Amino acid sequence: MTHVENITGLSEEKRTSCRPLPFWSWNDELEPEVLRKQVCRMHSAGLGGFFMHARGGLKTPYLSPRYLECVSAALDEASRCGMSGWLYDENGWPSGFGNGVVNGLGEKFQQKSLHCDKVAGDEAEPGKTIAWYSSEGIFLGREKPEKPADELIRCYYTVNSCYVDNLDREVTAEFIRCTHEYYLKNLPPELLPYLKGIFTDEPQLPREGFPWSAVLEKEYFDRYHRELLPDLPGLFMTLPDSRAIRVRFWNMITALFCESYIRQISRWCREHGWLLTGHHLAEEEPLDQIPANGSLMAQYSGYDIPGTDHLCRIKPDPVVMIQLVSAALQSGKKQILTESFGLAGWNLNFHGMYWLYHQQMTCGINLLCQHLSSYSLRGLRKRDYPGSYFIHQPWWEDYRVVNEHFAFAGAMLTYGKAETDVAVIHPLSSGWCSYTGQVRNFTAEHCNHALRELTTVLQQDFQEFHFIDEVVFAESGRADGQYLKVGQCSYSTVIIPPLNNLSGKLVNALMEFAAAGGKILRLHSPWEAEALTIDGIPAEKDVCRFFAGLPLLGSAGELIPVLDRLYPARIRVAENGSASSAFTGICRRLDPEILGRSGKFYLIANGDYRQQHRVTVSLPASGAGVEIISPDGCRFSPISEAVRTDDFWQIPYTFADGEAVMFFVPDEILSDAEKISVADPFELPVVKHLSGKFRLAEKRENLLLLDRCRYRVDGGEWINAEVNVIHSRLLKEGRECHLEMEFDFNVSPDFDLSLPLSVIVETPEKYTFTLNGEGFAAVDQGELFDQAFRRIPLSGQIRHGLNTLALAMDFFETPETYEILKRAELFETEYNRLTFDSEIENIFICGEFTVQHCGEVEKLERSSHWYKGEFFLAPLPDSMEIDGENITADGFPFFAGKITLTQEFELSAGEVEKIRFLRFDPAGANSFRVRINDQDAGFLYAGKYALPTGDLLKPGKNLLALELTTSLRNMLGPHHLKEGESYKVTTLSFSKEANAVGWKGPEFVEHYCMIDVGLSDPELA
């Protein structure tokens, strides 16, 4: 069978430019040679570069000569590998405070929040007074009246000394001086060409209420030729001109934030040959963005590569994604970044990565930043919003297959042309009008809900569209005949969702656009047309008449038949004869210079993480056939089942759980390319059921987790506790002390005591060790998975039954650490750069054994089980037989790594003749490498778990070998969350008690949640 192989039109330069760029977490004592080796490992895994991200745990002083030596080493190695080196602009996050240097310059540089309270005339005055007002909001002056009324209104500000005033140009200029210019002046000039740019992370205004800055009064007057102080009560109170005041205020705040922070940094970067990328805070709800940003889309437009983040293992919100994509394409930016996979947990496998990123790609995102790749997993670092997608993962050597796919699909979306005809007015200014310091009000809730519903309906109907932000439109929008233009994008249809305010410039453009024949559709709203305000001022009668005369639709769903008539040539996915709501998709027009052939690229994704769908895909019949593209983009195979009916190509296809497929509809199909079938292998009749029992191909090291102990401090009373609570308890003591811990574990009577065992410990040099009362030396025999996990051989005192392993250390933290902890109670900038001298962690027994469980086992959702009871060491069975359906339950509950299962089976000649595929259902494992009769059969990690057997089978005895690769989830947890397997794993998910600054995590339980690992229903069909 021939395919269109190795499309030469996609240059390696284009592919490389779209390779993922992980957050490389610099979180320990850094060694240049270790960094160089890690760069090489990233390159071999198909990554295109990295962000050098200082994070909690960093021991090499930030921006010290040694730190710069490390940056230089990483850039130098990147230059040798053809990778992109990127800086991260902060120690921790959010960006802008310059590791405390900028906010340390005093109040002018520190973040301020505006407040307004009614006070009695003789009441104490918190904060710093700005002005005084009567109870009706009338300005009385900057000073308190000599004879105050019984009740006054006082506007004042408070100061967050741990962060900065991002509305003041001078503050950002100081941040640039102590960060960007510092790098520029101190890095070797010969390495600067290999520095691609810099990432700024979650710069923000106060997250609640209103921002304040010393620059606002002058800025307000310069913009609006009116004084700000008399208007301040209108932000908080319902006054006759409150809506107009709020619109003016937030327009000013948005512009100031954008100009003072984003664009000032962006200009500096351009002048010095750098690119600026990053993302902002409070992107999750359409109107939650107000206090922290003013307008997100306006901020995005200032980046070279605008970005967002998507946290947790949950489906992305399309509103968040489309806000970003709209602003990017309108401002002419090709690449659009997502910081993803953070908080998704240690069991986010290749299948989960595919599912999460494809949901964002079908919105138009095309560049992935994995959160994160940790230099070290020592101590708190392994709990830094996991997982960590790096060299410690058992699947690391296979990671390239994922990154090749992301690079190819990203290149198609980056260099292909978007054809977007529809725009939706973003109702942000309606939120401004109703905002009094709390986002949650009727207007915001209704606008949020309506916009999300509209976005979901349009996306599920495969109608690509953009948002129009009024701040962005004021700068780059206009009517142009039958098109409404925003920057570099033009729209022939505009949809107005429920809203009650519009900007004057946008209204005038809409009226001009409609008069020229442009199409405007309005959705039903709780606000009548007569209630519309323009920039917060009641609309003139002619505007109200225009608004009321627009075609009105009762719901978002009523848009679909209208858009079907206007734009019929778009993707359709039908299931059982009806449109399926499970799918999203995107189309890009490809010119010949991209692939060597012109045509249309389609990416269609199943949004259901754990459910397959048998559907019919319909693609506009713009070309000569339909080809399916291999995940790495190297094979384009014409589909035999593709049938042209009227204006569409129809392809029957079964999408596996979370599967995405790339199609290409070329303008001209290659005549020598042989067609292939995309029929579902699981629909073939079974020829041979294989057993669920397998043999271990070889003995594997196993792990027993010890996460509970007895401890005492300075020889005091023994306390039973989870290991994870000890560190925060000692921090609260705030002093040096001597810590002793005793871990109990049981060994079965039939275990061979001559087998070598090790204990896996972090920083063993800080401990003394005793096993069953006898001390032994901490002889370091290397690492397990990560440089943090050290192997220390146990002495010969192991015995059947109960064993006690004791560790003792001197606990110490510096005075600086305790000072940072105090400040961390005020704001997260301090907590995010914490580094501890002493860290107290779980330990593991390691060796060739099984871990047996005595107690109840209870099935949970998300392919997991509760294990209630105790675990103990036991020997591997002589038969080496294991239940392949769930190796977790059959002796390997805490196992991490690769394990090979084998099975012999017999076939007749007639059976061999009929068999086409090996197929099975996976559970928990990251991937499966398959061999049949000692020949490679393939590698499965996502999509359908079925492999063609070709001529690998033979009559008589056959040998199947399956190499399962796990994640680190069952080793590292979290094990004790009441919810079981969590799709939102934070730093707090691992501790039973509140951390050292009082943040409490989710509810804990005593028993262990473990992920199932294995496969079920192996069949030959």
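In which hand of crossing, left-handed or right-handed, does α4 pass α8? The model to look at is a predicted one.

**Stop 1: two helices**

Select residues 169-178, which form helix α4, and residues 242-271, which form helix α8. The crossing in which α4 passes α8 is right-handed. Two packed helices are described by the angle between their axes and the distance between the axes. Here α4 and α8 pack at an angle of about 30 degrees, and their axes are 9 Å apart. Angles under 35 degrees count as roughly parallel, and α4 and α8 are therefore roughly parallel to each other.

Next, show the side chains where the helices meet. On the α4 side, select Arg169, Thr172, Ala173, Phe175 and Ile176. On the α8 side, they meet Leu256, Glu259, Ser260, Tyr261, Gln264, Ile265 and Trp268. The residues of this contact between α4 and α8 comprise seven nonpolar, three polar and two charged.

**Stop 2: a sheet of three strands**

Move on to the open sheet with the strand order β18-β19-β20, where the pairing is antiparallel. Select β18 (477-480) and β20 (489-491): these stand at the edges with a single partner strand each, so one side of each has no neighbour in the sheet. On average, neighbouring strands of this sheet are turned by 25 degrees against each other, direction ignored.

**Stop 3**

Notes
Residues numbered from 1 in each chain as written. Predicted model: local features only at pLDDT ≥ 70, side-chain atom pairs only at ≥ 80, totals over all residues. Heavy atoms only, no water. Axes fitted to C-alpha atoms, helices over the stretch in contact; angles between N-to-C directions. Helix = DSSP H or I, 4+ residues; strand = E, 2+ residues; numbered from the N terminus. Parallel < 35°, antiparallel > 145°, perpendicular 65-115°, else oblique. Left-handed = near helix turned anticlockwise from the far one by under 90°. Contact = heavy atoms within 4.5 Å. Nonpolar A, V, L, I, M, F, W, Y, C, P; charged D, E, K, R; others polar. Pairing = 2+ DSSP bridges.
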